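Here are a few notes to read with the model open beside you. Take them one point at a time.

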Amino acid sequence: MTEFIGEFNYIHSMLDDIKETMYDPSMALIRQLVTEYIIFPLGSELVHMRFPEHVRSFLFYGPAGSGKTLVVRACVAETNSIFFDMSPINIDGKYQGKREEEKMVASVMVTAKEYQPSIIYIDECHKVWPAKKKGKKGKGGKKKKKTDPSNPTRIKKAMGKWRTKFIDDKTRVTIIGCTSEPEEGSKKDFKKFFDKTIYFPFPDYTTRRLMWKSFIEKMNGKIKTDFPLSTLAHISAGYSAGSILKTCEKVLTEYRIKHQEHRPLTLPEFIGPLSLCANTMDDQYAEYTKFTDYITGDGGKRDKLLAAAAGDTGAA
């Protein structure tokens, strides 16, 4: 988990108000949640037995490159778990035939329980639990059958059935689903299948600054005292950790590292490669916020509080 860089945002934690949209979780808070809810219960049978909450499945969602898959790999490494990849791209075309998807899911569940601790990973899980498309009938060709080996939704029913049947409070098996497009999935199905959700946002200012410094130094780059690290952190707002890492890799080539003593690193060198990376736009951020409000129930609570406050004002 040490590779998942980030610090606590103490100011935001103090400013959080249920009447307003909650601030994004800091990377350190995500690291803490994953450690307490996944790593400790999976890694220790004693902790799992004494853990007050039975959590079978987690949904990780957020922009691409925000560290979701990195954290899953870290969980596997830290707990020495057996890893089962049930992602759509990995099960495509496998176990063909009637009810074969049931056999595939059953095989994974039985093996995971036999060789626990285990983690069952589903990347692009919005394809397994897709949202119903409105007003698109007759477009885009024929709809795939549920039993079609190339249709990710074929494991949806079996996953729900075997999760309930096989993963109990004594079983150290955790299902983790990841998605960068939660709006493409069924919110109702997500809420029904996943016990907990963790939002992986793009990093805040303090974390971006720490990431730039860590990535540059890790690649043998030397930061002079007059290098505008704070400016670089400011202009990279909306970019994921993956984008920052990719930028450092493009700038800090073997040739550039050899000549940095005579030609120190400059800000413009990073701006060009950074601009070519994916950025989380305002409309995308609004989608993540909307999804968070629904999946946590904060949106409904906030509406009730505002309605109650408006009623009190009217009565007065």
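1. Start with helix H4 (residues 68–79): its buried residues pack against H2, S1, strand S2 (82–85), S3 and S4. Those buried residues are Lys68, Val71, Val72, Ala74, Cys75, Val76 and Thr79. Buried here means under 20% relative accessible area with a 1.4 Å probe, counting protein chains only. Helices (H or I, at least four residues) and strands (E, at least two) are DSSP runs, numbered from the N terminus.

2. Before going on, note that this is a predicted model: local features need pLDDT of at least 70, side-chain atom pairs count only at pLDDT 80 or more, and totals for chains, interfaces and linings use all residues. Residues are numbered from 1 along each chain as its sequence is written, and side-chain values use heavy atoms, with hydrogens and water left out.

3. Now look at the partner helix. The axes of H2 (residues 27–43) and H4 come within 9 Å and cross at roughly 35°; the axes are lines fitted to C-alpha atoms over the stretch in contact, with angles from 0 to 180 degrees between N-to-C directions. Val34, Ile38, Ile39, Leu42 and Gly43 in H2 meet Val71, Cys75, Glu78 and Thr79 in H4, where contact means heavy atoms within 4.5 Å.

4. What follows H4? Asn80 does, and its phi is positive, near 55°.

5. Finally, check out Ile120. Leaving aside neighbours within four places in sequence, Ile120 is in contact with Phe84, Met86, Val108, Met109, Ala112, Met159, Val173, Thr174, Ile175 and Ile176.

Note on methods
Buried < 20%, exposed > 50% of the residue type's maximum accessible area, 1.4 Å probe, protein only.
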